[in-house]
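Me: I am new to this structure and would like a close look at one part of it, the open sheet. Please take me through it step by step.

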Amino acid sequence: MNKANNKTSTQAGFSLIEILIALTITLAMMAIASTLLAASFKIRNRENQRSSAIADAQRALNLMSREVANAGYGLSTNGLVTGDSGLSQIRVRSDLDLSGATNGNGEDIKYILVNDANGTFIVRLNLQPNQTTGLIANRIDGLKIRYYDKAVTYTIGDCKTAVANCDITNVRNAAGTTEAEVTPDRAKNVVLILSVTLPAVGTAGSEGYQPPSATQLVSNVSLRNSNLDTQ
């Protein structure tokens with residue numbers, strides 16, 4: 001008699017509960033990874049904005065410093081126009097071609113901080129022979145111009161506390177005594193103060209949150225044609 005051998009085979013598999021648990025864990029990990037990736041993109045984007053804003057401000061400051069330093073060239077005055085110069089604007093004249101007049105291109109320049117519905121930016125007005133206007137920095141949040149008749153040292157303000165603090169304090173001359181400002185026509189030293197601020201990104205405590213950022217750039221310009229007294 002032949003006997004049939006019956007073999008029972010068992011196949012291992014995942015239960016529905018195990019599959020649901022695995023899917024839940026996978027989705028949770030993907031959610032965490034997505035959040036971290038989004039946060040890193042926010043940080044990177046913010047740093048790119050900051051670098052671009054500072055570079056924009058630095059270019060503007062370099063141009064302003066160069067032209068302010070040349071104020072009064074070929075003239076008997078320091079070249080600063082009192083009626084058109086103040087805390088947030090400055091007008092400089094020079095006789096670059098030594099023609100006896102300041103009516104040539106680049107010889108009568110005015111810088112103004114504009115704050116309107118389009119934002120805050122610095123424009124350069126070339127007033128002669130025909131007025132032309134150029135935007136030199138569109139990422140500027142503040143401009144302050146200080147005028148002194150001596151070389152000075154100072155303390156830079158804390159912009160992180162408030163934009164209004166983006167200024168200089170404790171201004172002193174070479175003798176170490178407090179130095180007061182003078183009218184632009186008497187100035188021999190000009191301090192240009194630019195501030196760049198970026199608003200907060202995200203909500204405090206959340207992934208990728210970036211607090212408000214403020215940067216101050218300062219240029220101390222000696223007017224080359226004003227016989228600067230450093231004593």
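Reply: A contact means heavy atoms within 4.5 Å. By that criterion, residues 24 or more positions apart account for 57% of the contacts in the protein with a separation of 6 or more. This is a predicted model, in which local features need pLDDT of at least 70 and side-chain atom pairs count only at pLDDT 80 or more, while totals for chains, interfaces and linings use all residues. Residues are numbered from 1 along each chain as its sequence is written, and side-chain values use heavy atoms, with hydrogens and water left out.

As a setting for the sheet, the protein has one helix and nine strands, where helices (H or I, at least four residues) and strands (E, at least two) are DSSP runs numbered from the N terminus. Read from the N terminus, the elements run α-β-β-β-β-β-β-β-β-β. Of the 231 residues, 36% count as buried, a word that stands for under 20% relative accessible area, with exposed meaning over 50% and partly exposed in between (1.4 Å probe, protein chains only).

The open sheet itself is formed by three strands in the order 5-8-9, with antiparallel pairing; two strands pair if DSSP finds at least two bridges between them. Strand 5 (142-148) and strand 9 (213-222) stand at the edges with a single partner strand each, so one side of each is left without a neighbour in the sheet. From one strand to the next, the twist averages 15°, a value that rests on axes, which are lines fitted to C-alpha atoms (for helices over the stretch in contact), with angles running from 0 to 180 degrees between N-to-C directions.

Strand 8 (residues 189-198) pairs with strand 5 in the antiparallel sense over seven bridges, and here Lys 144 stands opposite Ile 193, while Arg 146 stands opposite Val 191. With strand 9, strand 8 pairs in the antiparallel sense over 10 bridges, and Val 190 stands opposite Val 221 of strand 9. Nine of the 10 residues of strand 8 are buried, so this strand is largely enclosed by the rest of the structure.

Ile 90 lies in strand 1 (residues 89-93) and counts as buried because its relative accessibility is 0%. Leaving aside residues up to four places away in sequence, Ile 90 touches residues including Ile 145, Tyr 147 and Val 190. The C-alpha atoms of Ile 90 and Ile 145 are separated by 7.7 Å, although the two residues are 55 residues apart along the chain.
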